[in-house]
2 protein chains.
Amino acid sequence: MPFDTRNLKYDASGLIPVIAQDHASGDVLMMAWMNADSLARTLESGQMTYWSRSRQAFWAKGESSGHTQRLVELRVDCDRDCLLALVEQIGPACHTNRRSCFYTAVRDGAEVEILKVES
Amino acid sequence: MPFDTRNLKYDASGLIPVIAQDHASGDVLMMAWMNADSLARTLESGQMTYWSRSRQAFWAKGESSGHTQRLVELRVDCDRDCLLALVEQIGPACHTNRRSCFYTAVRDGAEVEILKVES
C-alpha cells in the first residue's frame, strides 16, 4: 500500500506524536509532534521536521543548533495515531545538550539524573 | 528530589503520553496515555496501567490477554510532558499479537509489514 501522510489519525489540533529513536543504539531520544505538512517535509528532505506547538511553526530539528536528525526509517503504529522515527542524531538531541531528553530516571521514589551534559 | 506524580505536565484532558520500551532489546513497543492516578497505580503495582481514552477507564495492560508489562524503570523528559517506561513485556505488546505496535515501516513510499503475528 502506498504511504499517504493523510492516511493517519491526527488529533483535534491536526497533530500526531512522533517518537525519535537512535537507529544505531536504540536509545529513545525525544518525543515531539508533527502535522501532515511537517511529515511531508520530513519525508521530502530526509531531515526530521516537527511542528512546534508553542511557536505554531515548522521546527526543522537542529536548524539553529546544528543538532539535526536524519530520518533512517519511519514506522506507523497499529492505530495509525503514533509514529516512530529511526534517526541518525547529530550531536545531542535535547536542548539541554544531553544525548536524550529522557535523562531523568525515577529510582526508589527519587529523581536521578542519568545523562551528563555533552560539551 | 522526590518524584511526585503531580509534578508533571499533563494535557488539557489530564493525560501524559507514555512510551513503552523493552528494557532488554530496546524495541519501542507502544505509546499510550496515563493520568496521574494510573501512573500512581503503575508505580504502586509495578505493572503498567494506562488510561484508556476510548473507554475512559483504567487499562491494566494485559489484564485480559495476560500480556502484561512489568515496569523496570520510569524516565521523565526535559519538558516533563512525556514519560518513557522501560518494561519487561510478557508476550506480544500489540493487540494484533505482534511484538510491537510499530510493525509497519514506510519503505520507498510504500507500507511494509515488518513483524509477524506471534502464535
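The following dialogue explains how to read the interface between two chains in a predicted model.

User: Which conventions apply to this model?

Analyst: This is a predicted model, in which local features need pLDDT of at least 70, side-chain atom pairs count only at pLDDT 80 or more, and totals for chains, interfaces and linings use all residues. Residues are numbered from 1 along each chain as its sequence is written, chains are lettered from A and ligands numbered from 1 in the order in which they are written, and side-chain values use heavy atoms, with hydrogens and water left out.

User: How many residues are in contact, and what area is buried?

Analyst: Contact means heavy atoms within 4.5 Å. In this model, 37 residues of chain A are in contact with 37 residues of chain B. Buried area is the accessible area (1.4 Å probe) that two parts lose on being put together, summed over both. Between chain A and chain B it is about 3000 Å², of which carbon and sulfur atoms give 61%.

User: How many salt bridges are there between chain A and chain B?

Analyst: A salt bridge is a side-chain nitrogen of Lys or Arg within 4 Å of a carboxyl oxygen of Asp or Glu. The count between the two chains is 6. One salt bridge joins the side chains of R107(A) and E73(B) (2.6 Å, N to O).

User: Which strand of chain B pairs with β7(A)?

Analyst: Strands (E, at least two residues) are DSSP runs, numbered from the N terminus, and two strands pair if DSSP finds at least two bridges between them. β7(A) pairs with strand β5 (residues 69-76) of chain B in the antiparallel sense over 3 bridges, and T104(A) stands opposite V76(B). β5(A) likewise pairs with strand β7 (residues 104-107) of chain B, antiparallel over 3 bridges; there R75(A) stands opposite A105(B). Within chain B, A105(B) also stands opposite V112(B) in β8(B).

Note on methods: Helix = DSSP H or I, 4+ residues; strand = E, 2+ residues; numbered from the N terminus.
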